[in-house]
Amino acid sequence: MSARALPLLFLNLGGEMLYILDQRLRAQSIPGEKARKDEWTDVDRKRVMNDIITTMFNKKFMEELFKPQELYSKKALRTVYDRLAHASIMRLNQASMDKLYDLMTMAFKYQVLLCPRPKDILLVTFNHLDAIKDFIHDSPGILNQVDETFRQLIETYSCLSAGEFQLIRQTLLIFFQDMHIRVSIFLKDKVQNSNGRFVLPISGPVPWGTEVPGLIRTFNRNGDEVKRTEFITDGNYVTPQREGSFDLYGDRVLKLGTNMYSVSRPVETHMSASSKNLASHAKDNIAPNPLAKEELNFLARLLGGLEIKKPGGSETGFRLNLFTTDEEEEHAALTRPEELSYKVINIEATQEPGRRAELSRILGELEVAEPRPESSGKGEDLLALMDGL
């Protein structure tokens, strides 16, 4: 597995989360002069986006995130996004958080599958960061945080070989391989089958630096071309006009990773039968993991440093519903397989004695869904550093 996949996984999933939250907050916003205290306004939306992006791009956190390390388990990573989504006045109940995470993971899985070449995963990440910068264009301090992450990405990944990017892509696909959640946008566009598996196109632009298929060249032992044979392909391939920019600013060309929710569209998620069966047997198939407690204690130290915004004075936290109605949200909570449900853990970010032991106790009750007996524990420094934030 690649030790360089975690930053790309975290940033792209975070970008998809911000796309969804922005779309839902805009859909539920009420003009400020007409809104009641318990209703969203555009000011609240901007505040939520700023708070989450500020937390997500914390400088010390990013520095540790970029250190070579293996991916977290699925459940550990999910807990980080639970924490991140609640780093503002916004509150999501379990069913809405489940739906949010389903949409995030399936969107990025689709993007990884469709990348013309492994290196283009970096362009997908840049598209997400470009869009995030648009969300906070009027906040120079937060913009600087995102730009600093841009520079870290360029410094870290610009020197990697094609083989190293292929290993990163394989690592990400292994992470997503058992996730087959049906999403209405993908089903409507016929890019996803009813079983939750994606339909990959056989036409369109070929990867940059390659030729359109249809010609076989034969060479002799001296390297001279001696024969050409043409053949007909089933797909309609074209040569890309130019390569996307890997600079801080520029035209990425590739559209994967851009905001597909920019036009209001209803989005639903449904568990495929194979995913339900996988979930129903998850507990039986999980072998004891001697590193589980260490990993969760490690995660606790990170989460202990991420501040949850608590309403001040008479201000109340705002609830966001990712479903069309409250009834749909309640139904989803009742029908969701128990093994796929996660709790939002509210951890007080104080330095009082015994806090770490309490965090470890709370997180120690969680299961780690993906045992990693081969783990080298390289990620400890990332979470330990967050104690001081």
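Helices (H or I, at least four residues) and strands (E, at least two) are DSSP runs, numbered from the N terminus. This is a predicted model, where local features need pLDDT of at least 70, side-chain atom pairs count only at pLDDT 80 or more, and totals for chains, interfaces and linings use all residues. Residues are numbered from 1 along each chain as its sequence is written, and side-chain values use heavy atoms, with hydrogens and water left out.

Q: Where does L167 sit?
A: You'll find L167 in helix α8, residues 162–176.

Q: Why is L167 called partly exposed?
A: Buried means under 20% relative accessible area, exposed means over 50%, and partly exposed is in between (1.4 Å probe, protein chains only). L167 has 37% relative accessibility, so it counts as partly exposed.

Q: What is L167 in contact with, leaving aside its neighbours within four places in sequence?
A: Contact means heavy atoms within 4.5 Å, and L167 has M1 and S2 as such partners.

Q: What makes α2 and α7 oblique to each other?
A: Angles under 35 degrees count as roughly parallel, over 145 as roughly antiparallel, 65 to 115 as roughly perpendicular, and the rest as oblique. The axes of α2 (residues 42–56) and α7 (residues 140–157) cross at roughly 40 degrees, so the two helices are oblique. Axes here are lines fitted to C-alpha atoms, for helices over the stretch in contact, with angles running from 0 to 180 degrees between N-to-C directions.

Q: Which residues meet where α2 and α7 come together?
A: From α2 there are N50, I53 and T54, and from α7 there are I142, Q145 and V146.
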